[in-house]
Amino acid sequence: MKKLNIIAASMLALATFSPVQAAEYEWKMTAGVGEGSFLYQNFMERFAQNVSTLTSDRLNIQSFGAGVLAPAFEAYQVVQDGVIEAGHSTPSYLVNQDPTNAIFASFPGGMSPEATLHWIYEGGGEKMLQDFRREEMGLHSLVVGVGTSEIMAHSNVRIETVEDLKGVKYRTSGAFAAVLQEEFGGVPTVVPGSEIYTLLQRKGVDAIEWSTPGANITEGFHEVAPYLIMPGVHQPSFLWEVFVKQETWDALPADLQTLVTAAAKLTTYEGFTRFGDADVKAMAEFRETKVEMVQMDHAESEKIREAGRNWAKKKAAALAQEGNPRMQEVLDSYLAYQSNWAENSGYLVRDTAE
């Protein structure tokens, strides 16, 4: 028995003091948002941890907030240039380069969060995004984050009709920026998330949109703007992605690719429920503050939705006429899925206030 105890103690000592096995692969990942923000914690940090868990630490991802390794709006570029292995950002920031990105990012008149999630994973949306990134940018994309509907605006001015948007200086991005300017005479400006609070507080803009109730309440926008405008028809859902150069992805063995893909999907589903839970809690909190909640009339918000769909159709048709049919193909898939969902989801129970 004494010998057995000595052997057991020796084995325990070896296990305790054996050097930790180094990761087979190391990635640095830059973000499109600041470290510590709701989006960063819910998507970036969650994904890195899920990868670590599912791969048994074979792949180590070190995440950095916007501005540390690269500016918020340059995540795609630095990964393309090979400066950093991975990035996490939203197609919304690339709409000016190619409006096809708006379909993946969501746009005014787009699908609900629930329908978007299904289109991405069951309707071919993620595959279309991956083909788009590989063929146009030399990147491999993984969807890491599908969000709930956003707050339309934290605003210093009351917005109840589309006429109220005329001349409004509005921090926004993506398709809504174009629709706001072209259809309703608004004045869009784009700044990183870390600069929004100060811009709104100093009245450098009249209104801002950023994210969902759960994310926005952590930023404190309601503390410096008297109005909260709903519903979030400008951004009914949203999508963020992790991307690496195609050769970086191809360098991973097949089993590791499978595990990382599973980690991305797990993060999206976990993030989705985290957003929804945080959102309803945040809305209850907003009601206890001094902020005034302004619900746009349904007919007015539908004008924004219609303008958004028309914008997307015009852009897709123009690109197709120039010999680039991709946006039209993606939009056709998206709108067909939306139509089918709208026509056949009436059986679903919706929890609404009486």
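Phe-73, Tyr-76, Ser-92, Tyr-93, Leu-94, Val-95, Asn-96, Gln-97, Ser-173, Gly-174, Ala-177 and Val-190 form the lining of the second largest pocket. The model is predicted. That pocket holds about 190 Å³ of space, against about 1200 Å³ in the largest pocket. A search of the whole structure also turns up 1 cavity of 30 Å³ or more.

**Second largest pocket**
- The lining of the second largest pocket comprises 7 nonpolar and 5 polar residues.
- No charged residue takes part in the lining of this second largest pocket.
- Ser-92, Tyr-93, Leu-94, Val-95, Asn-96 and Gln-97 are among the residues that line it.

**Largest pocket**
- The space in the largest pocket comes to about 1200 Å³.
- The lining counts 36 residues, and Ser-112, Pro-113, Ser-149, Pro-231 and Pro-236 are the closest to the centre of the pocket.
- Four helices each supply at least two lining residues: H5 (113-122), H11 (254-286), H12 (298-321) and H13 (326-344).
- Helix H11 gives the most, with 6 residues.
- By class, the lining of the largest pocket splits into 17 nonpolar, 11 polar and 8 charged residues.

**Cavity**
- The volume of the largest cavity is about 150 Å³.
- Its lining consists of 13 residues.
- Nearest the centre of the largest cavity lie Thr-90, Glu-150, Ser-173, Trp-210 and Trp-240.
- Ser-173 lines the largest cavity and also lines the second largest pocket.

**Overall fold**
- The chain contains 13 helices and 11 strands.
- Its radius of gyration is 22 Å, close to the 20 Å that the globule rule gives for 354 residues, so the chain is as compact as a globular protein of that length.
- Taken along the principal axes, the C-alpha atoms fill a box of roughly 85 × 55 × 45 Å.
- Among contacts in the chain with a separation of 6 or more, 79% join residues 24 or more positions apart.

**Burial and surface**
- Of the 354 residues in the chain, 52% are buried.
- The chain exposes about 16600 Å².

Key: Residues numbered from 1 in each chain as written. Predicted model: local features only at pLDDT ≥ 70, side-chain atom pairs only at ≥ 80, totals over all residues. Heavy atoms only, no water. 1 Å grid on protein atoms, 1.4 Å probe; cavity = no way out; pocket = protein on both sides within 12 Å on 5 of 7 lines; lining within 4 Å. Points joined across faces, edges and corners; volume = space filled by probe spheres on them. Nonpolar A, V, L, I, M, F, W, Y, C, P; charged D, E, K, R; others polar. Rg over C-alpha atoms; globule rule 2.2 N^0.38 Å. Buried < 20%, exposed > 50% of the residue type's maximum accessible area, 1.4 Å probe, protein only. Contact = heavy atoms within 4.5 Å. Areas by Shrake-Rupley, 256 points an atom, 1.4 Å probe, with all protein chains shown as cover.
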